[in-house]
Structures are given as structure tokens and as C-alpha cells.
Amino acid sequence: MGDNHQNILMKKHLQVTMNKIKHFPILCWKTSKKVGAEDPRRIIHSLKVGLSLTLVSLLYLIQPLFQGIGNNALWAVMTVVVVLEFTAGATLCKGLNRGLGTVLAGSLAFFIEGVANRTGKVFRACFIGAAVFLIGSVATYMRFFPKIKKNYDYGVVIFLLTFNLITVSSYRVDNVLKIAHDRFYTIAIGCGVCLLMSLLIFPNWSGEELHNSTVLKLEGLAKSIEACVNEYFFDTEIDENKESCSGDQIYKGYKAVLDSKSTDETLALQASWEPRHSSHCYRIPWQQYVKLGGVLRHFGYTVVALHGCLQTEIQTPRSVRILFKDPCTRVAREVSKALIELANSIRNRRHCSPEILSDHLHEALQDLNKAIKSQPRLFLGSNKNQSRNMLALAAAEAGQKQKEKKRQSGVSLSSVKTDSSALMEWKTKRASEQSREAERKVLRPQLSKIAITSLEFSEALPFAAFASLLVETVAKLDIVIDEVEELGRIACFKEFKHGDDDDKEEHITVKCEKPKINVTQNQLSSVSGAE
């Protein structure tokens, strides 16, 4: 019987494995098509890497070139694999670090080799060992310096590797100078091919990635706020698919902002290595983009709290929410319009409109204030409701005490039972205790909810928190506007002209649409120590 069961399980596992193998090519094709459709630049980058590897492989495949360089031609292939990145800034950063580290390491290694050759063999070995220890320790310690770690860490790693290879191998190899020269030439060829591909053939700029990601973050926050308010005053007749779509839209909008810190810093660092390709000869303030990203993250925390109001255990009844629907939706709409205007100003590299905070936002806030003041009973409580809730709480507590008395009386009667029925009585008692424990676990959250709802402001507290957070977004909007204006001033954005705000009156609608490109998925990790 057991053998038959095992055979059946093996057949099922084999069938599942065969199905996976059968559908694997289709899955690969669908995944490849999806990745390429999300960002066609990935296909172009892959072709650029393949073309670069083909070019440097000619050093090894063509006989005249191979005779001049030899086996060191493989270092050009390794350089292309390690250095060529998705953006031009990342390639420049790695390529220049690799070249600088190789040159400095080779120069220092030849200097130490020249000094060591003037001594005896034993002293030469001791001198090389001491030099390796000293240079290795100092260079590794320098990697902890903040500026070096941020900008030149890869160059220090290449320096250490190249220095040790040349210095140690020079003790046993006579023609180490020729090997070092050939290796330097092949690395220079590899770096040159990488820079040529990155800068001249369909370049992807890290600065543009950072610029566009900032625009998308502002648009995502705008959509999240309006979708959040729309869902809070959600009509029960709307189908569940639209509700789930709205929830995904809210989450995706602020998640891209909260997860952007490391990406923004990396893109800003890589953009600082890129040549200035703008029409004006001024330095683009990439660090100001990072600072603006920090302000947007603080703004995003408020949106997260606003989204949390939709998922709290204690909710304001819909009949109460509907009283404040109009002013709240108007406030959210005006905040979203302002964020969209900021996104358009950054996208077009112009200053934002002087009327970005229109009178409509001020009127909506005033109407919200009047609506809250017009319902004093909701925020001051009702003696009738309070008495009813307190009576319910007292009744629940009385029922619990009565059950406790019955339990105690049952325990006292069990002491007079005979020895023959002691075991049966113990089992019954055990089962009753477990059932009472289950009842207590069910009753505890009910008592907690009754106690909470018995408080004054119980119906208005959840909405008060929601309205307070909505007003907080307006307050933090001023900080975002100041940072965007500071960015425009430092980056010399063009002045605003009437007619540039075509999208100002555009109403933001939440709909299921194809998600925007996530720039973090284009950052490929590579083995930095490959040499």
C-alpha cells in the first residue's frame, strides 16, 4: 500500500516537472517580451554590450593583433564586462576609476621594483613584502574615507589588485614590465570601447534618469492623494475591481517615493561624472534633486498615514462621511493639481506658475472648516449615545461576572465526587476551561470595541484624523514648492510664461493603466573586483 502511494506521488512530481519543462520556452519568451516592452532601452543596451564584446574579441581572434598583444587581449574583454553599464555616468565612473587605479598602481609598482632591484635577493623579498603590507593597509584604510568611498572606491580596489599583481610577480618574472605595458594597453582599449558605446551610441544619461524619476514621483503622489480621498468617500455600488485598482494605484504612487533614497543618491553621483550636455554651460545641481527627493519622502509619509485611515478598525459611518465629501475632494483635487504643475515645471525645466496655490484651495479649506463647525454634535458627543454605549459595556461585564461565578460553583461541587468519577470529572473540567478560554478570547476584542465606541467623539475621531492628515498635505505642499523653486533657481530654469500651463486645469483620474518605468530595475550589479 505504501509503495503504491509513493509511486503515485513520484508520477505526480514527474508530471509537474515535465509540464514545467514543456512550458519553459513559452515562459521565457513572455518574460523577454515583457521586459523589452517595459523599457526598449534595455534591448539597445544589450546589443551595445554584445557589439563591444565582439570588437574587443578581435584582439584575440585576428592574428596580427594577437601577435602584438598576446594573451593579455583577454583583459580587454574582462574590462568591457565589468565597466560597461546601462547609463553613461555609471560607465564613466567605473572606466575612469579603473584607468586611474591601473596607472597609479603600475607607476608605484615600477618605482618599488626599481628600488628593490638595487639590493640583494633576500632584502628584495623583505622589501617587497613590507611594501605590499604597507600599501595594502593604507589603501584599504583610505576606502573608509567618506569622499573616497563615495566616488573612488572602485578605483582603490583596482589599484590594490594591480599593484599586488605587478609587485609580487616581479620577484619571479623577468619581463614583468612588458606584461604590465600590454595589460595597460588592453585595459585602455576596453575602457575606450565602453566610453565610445556609452557616450556616442544611443546614450542613456543618469542625469536624465534622475530628472524623469523626480517627475514621476510628483505625479505618483498626486494620483495617490486623489485616489485615497476618492476611496475614503467610496460608493458601495462601485464594483470590487475598481476598488482594488484604486488601492494599487495609491500604494504604487507613494511606494516609488519611499524607496527612492538610494537610487536618487546613486544616480546623482553617476550624473556628476557625465559631461554637461545642456545648451548652457552651467553645473546642473544634481544634489538638489536628492534634497527634493528627501522632501517628497516626508510628504509621502503623510500620504501613507492618509492611506492607513482607510484600513482602520474603527471607521466613521458613511452617513457622516458624506457630509464632508465635497470640501475634502476639492482639497485633494487642488493639492493634486499643484503637484502635477510642479511635475510639469520640472519636466519642461521652467519655473512653476505664480498661481500654483490658487484661491480654490483656500476656499476648499474654508468650506471644510465650516462643514466641521456646522456639525458640533459629532465632535462634542451625545449624552444619549454615551449612555447607550455605557449600558452595553456594563451588560457585557455583568455577563462575564455571572459566567465566572458559575465556574467557581462548578469547581466547589467537584470536590465531593467519588474517586471512580474523578478522571471523568477532570476531563470534563478541562474541556469546559478550554471553551471558556475561547469565549474569553472572543469577548475581549468585543469589550475593547465597546469601550472605544463608548468614548465621546467615537464617530468623529476617525474622520478627524483623516481630515487632519489631508490638511497636513496642504502644509507640506508649501515645503515641496519651495524646494522645486530652489531647484529651478539653481538650475537656471526658464521663466514661466502664460500658455505653458495647458495641463493646469487637467483633472486627475485614477484608472488602471500600464505602470511607468522603474529606473531601479535598470541598475545592473557587476563584479567590481574582476581584473
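## Around Cys352

Cys352 touches Glu341, Leu342, Ser345, Glu485 and Phe496, leaving aside residues up to four places away in sequence. This is a predicted model. Cys352 sits in the loop between H15 and H16. The residue counts as buried, because its relative accessibility is 7% and buried means under 20%.

Ile481 lies 129 residues from Cys352 along the chain. Leu342 links the two in its list of contacts: Leu342 touches both Cys352 and Ile481. Leu218, Ile356, Leu477, Val480 and Val484 are also touched by Leu342. Again, residues up to four places away in sequence are not counted.

## The largest nonpolar core

Leu342 leads on to the core. The largest nonpolar core has 59 residues. Those with the most contacts inside it are Leu342, Leu339, Val335 and Phe299.

One nonpolar surface patch covers about 680 Å². Its members are Leu51, Leu55, Leu58, Tyr60, Leu61, Ile62, Leu65 and Leu74. Helix H2, residues 41–61, gives the most to the patch, with five residues.

Tyr60 is a member of the patch and lies in helix H2. Is Tyr60 buried or partly exposed? Its relative accessible area is 35%, so Tyr60 is partly exposed.

## Aromatic pairs

How many aromatic pairs does the structure hold? The count is eleven. One of them joins Phe159 and Phe163. Their ring centres are 6.1 Å apart. Their planes meet at 15°, so the pair is stacked, because planes under 30 degrees apart count as stacked. Both residues lie in helix H8, residues 153–169. They are four residues apart, so about one helical turn separates them. Phe159 is buried, at 15% relative accessibility. Phe163 is buried too, at 0%.

Tyr251 and Tyr254 form an edge-to-face pair. Their centres are 5.8 Å apart, with 85° between the planes. These two tyrosines belong to helix H11 and are three residues apart, so about one helical turn separates them. Tyr251 is partly exposed, with a relative accessibility of 42%. Tyr254 is buried, with a relative accessible area of 8%. Elsewhere, Tyr232, Phe233 and Phe466 form one aromatic cluster.

## Salt bridges

Side chains of opposite charge can pair when their charged atoms come close. The count of salt bridges in this model is 16. One of these joins Arg42 and Glu38, at 3.1 Å from N to O. Arg42 counts as buried at 13% relative accessibility. Glu38 counts as partly exposed at 29%. Three other residues, Asp39, Arg41 and Glu209, are linked in a network of salt bridges.

Helix H12 holds both Glu265 and Lys261. They are four residues apart, about one turn of the helix. Their closest N and O atoms are 2.9 Å apart, in a salt bridge. What is the relative accessibility of Glu265? The value is 38%, so Glu265 counts as partly exposed. Lys261 also counts as partly exposed, at 45%.

Helix H15 holds both Glu334 and Lys337. They are three residues apart, about one turn of the helix. Their side chains meet in a salt bridge at 4.0 Å, N to O. Glu334 counts as buried, because its relative accessibility is 12% and buried means under 20%.

Notes
Residues are numbered from 1 along each chain as its sequence is written. This is a predicted model: local features need pLDDT of at least 70, side-chain atom pairs count only at pLDDT 80 or more; totals for chains, interfaces and linings use all residues. Side-chain values use heavy atoms; hydrogens and water are left out. A nonpolar core is a set of buried Ala, Val, Leu, Ile, Met, Phe, Trp, Tyr and Cys residues joined through side-chain atoms within 4.5 Å. Buried means under 20% relative accessible area, exposed over 50%, partly exposed in between (1.4 Å probe, protein chains only). Contact means heavy atoms within 4.5 Å. Patches are made of residues with over 30% relative accessible area and no salt bridge: like charges are joined within 9 Å, nonpolar side chains (Val, Leu, Ile, Met, Phe, Trp, Tyr) within 5 Å. Accessible areas come from the Shrake-Rupley method with a 1.4 Å probe; for residues, only the protein chains shown count as cover. Rings of Phe, Tyr and Trp (its six-membered ring) pair if their centres lie within 6.5 Å; planes under 30 degrees apart count as stacked, over 60 as edge-to-face and the rest as tilted.
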